[in-house]
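Hello,

Please find the structure below. Notes on what was found in it follow.

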Amino acid sequence: MKLLTGEYCNTLDEKGRIMFPAKLKNEIESTSLIVTQALDHCLWLFTPEEWENLSSKIMESASPFNSKNRLVLRRLIAPAQQVEFDKSGRISIPQSLRDYASLAKDCVILGIDKYIELWDAESYRKYIAESDDSFAEAAEELNAISF
């Protein structure tokens, strides 16, 4: 899999399907993705290989006897579902995950290297506006990186 990057705006149809951006689809060798709840009330999408890598690491380090670990397992691992690309290049987002992310019609798809985020467009605009100051502080903490 190559680098997944870019910001795309697509619409969710009445059946909960969204056209996947061709540029991202061309970088994915799989015919399916794993979609799950993410932080900030968006969805995370992974190739099956990347999901296996992440979920294995989480499961190896999480204990069902620790309340914080159980919370992560219930909010990230348990809701994960595999979705297939249809012949038109669309994926169908399960209703429970659409509800979690408040996906209505207009959506934003973000390629973030090894995973993809799916946002309700209005929620994403609000998140960006509200996190502007935090972004500057977070970027400042990356001062050891040079190019």
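**Strands and a helix**

D40 takes a positive phi near 70° in the hairpin of β3 and β4, which has five residues between the strands. This is a predicted model in which local features need pLDDT of at least 70 and side-chain atom pairs count only at pLDDT 80 or more, while totals for chains, interfaces and linings use all residues. Residues are numbered from 1 along each chain as its sequence is written, and side-chain values use heavy atoms, with hydrogens and water left out.

Helices (H or I, at least four residues) and strands (E, at least two) are DSSP runs, numbered from the N terminus. Two strands pair if DSSP finds at least two bridges between them. β3 pairs with β4 in the antiparallel sense over four bridges, and I34 stands opposite F46 in β4. β3 also pairs with strand β5 (residues 81–84), antiparallel and over four bridges; V83 in β5 is the bridge partner of L33.

Buried means under 20% relative accessible area, exposed over 50%, and partly exposed in between (1.4 Å probe, protein chains only). Six of the six residues of β3 are buried, so β3 is largely enclosed by the rest of the structure.

In helix α2, E50, W51, S55 and I58 are buried. They cover an arc of only 115° around the axis (taken from the directions from the helix axis to the C-beta atoms), which puts them on the same side of α2. E49, K57 and E60, on the other side of α2, are exposed. The buried residues of α2 pack against β3 (32–37), β4 (43–46) and α3 (67–77), where contact means heavy atoms within 4.5 Å.

Regards
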